[in-house]
Amino acid sequence: QVQLVESGGGLVQAGGSLRLSCAASERTLMWYTMGWFRQAPGKERDFVGAISSSGDTTYYADSVKGRFTISRDNAKNTVYLQMNSLKPEDTAVYYCAASPQSPPVEYSYWGQGTQVTVSS
């Protein structure tokens with residue numbers, strides 16, 4: 001069982017930046033493709049992006065391409081989501097998740113989420 005804990009959320013003005021972190025309980029994180037998702041109030045959870053286990057391949061939703069960057073430090077069992085040029089429509093609860101597949105198909109483990117609020 002892999003436990004994931006997100007952190008780094010908060011309130012930021014439009015145009016600002018935040019970096020989210022997702023820390024894993026085990027070193028086995030290095031074997032997983034890691035994804036980021038978000039869910040705004042009243043909406044379905046959406047894919048934001050993902051990174052392969054080695055970190056050499058990334059995938060992004062069109063809505064965040066060029067603004068968000070996913071990276072990972074397997075030595076620290078941590079994955080990051082750098083969010084720049086934030087917009088009010090980026091407001092959501094952000095979740096990280098771990099998938100045993102590459103490219104990812106299903107995610108086996110999920111964090112509890114961290115709130116990101118972007119004010120206009």
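Predicted model: local features only at pLDDT ≥ 70, side-chain atom pairs only at ≥ 80, totals over all residues.

Colleague: How many aromatic pairs does a search of the whole structure find?

Modeller: Five aromatic pairs turn up in that search. One of them joins tyrosine 32 and tyrosine 109 in an edge-to-face arrangement, with 5.9 Å from centre to centre and 80° between the planes. The two partners come from distant parts of the chain, 77 residues apart: tyrosine 32 belongs to the loop between strand 3 and strand 4, while tyrosine 109 is in strand 10. Both tyrosine 32 and tyrosine 109 are buried.

Colleague: What about tyrosine 107 and tryptophan 110, and what kind of pair do they form?

Modeller: Theirs is a tilted pair, with centres 5.9 Å apart and planes at 55°.

Colleague: Why does tyrosine 107 count as buried?

Modeller: The idea is to compare relative accessibility with a cut-off: under 20% is buried, over 50% is exposed, and partly exposed is in between. Tyrosine 107 counts as buried because its relative accessibility is 16%. Tryptophan 110 has 31%, so this residue counts as partly exposed.

Colleague: Which residue lies over the face of tryptophan 110?

Modeller: That is arginine 45, found 3.8 Å from the ring centre. The charged end of arginine 45 also sits over the ring of tyrosine 95, at 5.9 Å from the centre of that ring.

Colleague: Let's turn to charges that meet each other. How many salt bridges does the structure hold?

Modeller: There are three salt bridges. In one of them, the side chains of aspartate 90 and arginine 38 come together at 2.9 Å, N to O. Aspartate 90 and arginine 38 are both buried.

Colleague: With which other residue does aspartate 90 form a salt bridge, its closest N and O atoms being 2.7 Å apart?

Modeller: The partner there is arginine 67. Arginine 67 lies in the loop between strand 6 and strand 7, so its pairing with aspartate 90 ties together parts 23 residues apart in sequence. Arginine 67 is buried, as is aspartate 90. Put together, Arg38, Arg67 and Asp90 are linked in a network of salt bridges.

Colleague: And are aspartate 62 and lysine 65 buried or exposed?

Modeller: Both aspartate 62 and lysine 65 are exposed. Their side chains meet in a salt bridge at 3.3 Å, N to O.

Colleague: I would like to finish with a single residue and its surroundings. Where is tyrosine 60 found, and which residues does it touch?

Modeller: Tyrosine 60 is in strand 6, which covers residues 58-60. Leaving aside residues up to four places away in sequence, tyrosine 60 touches Phe47, Val48, Gly49, Lys65, Phe68, Thr69 and Ile70.

Colleague: What does the side chain of tyrosine 60 reach at 2.7 Å?

Modeller: The side chain of tyrosine 60 reaches the backbone nitrogen of isoleucine 70 at that distance. As for aspartate 90, which is 30 residues away from tyrosine 60 along the chain, the C-alpha atoms of the two are separated by 14 Å.

How values were computed:
Residues numbered from 1 in each chain as written. Heavy atoms only, no water. Helix = DSSP H or I, 4+ residues; strand = E, 2+ residues; numbered from the N terminus. Contact = heavy atoms within 4.5 Å. Polar contact = N/O pair within 3.5 Å; in protein donor to acceptor, adjacent residues only side chain to side chain. Phe/Tyr/Trp six-rings, centres within 6.5 Å; stacked < 30°, edge-to-face > 60°. Buried < 20%, exposed > 50% of the residue type's maximum accessible area, 1.4 Å probe, protein only. Lys NZ or Arg CZ within 6 Å of the ring centre and 35° of its normal. Salt bridge = Lys/Arg side-chain N within 4 Å of Asp/Glu carboxyl O.
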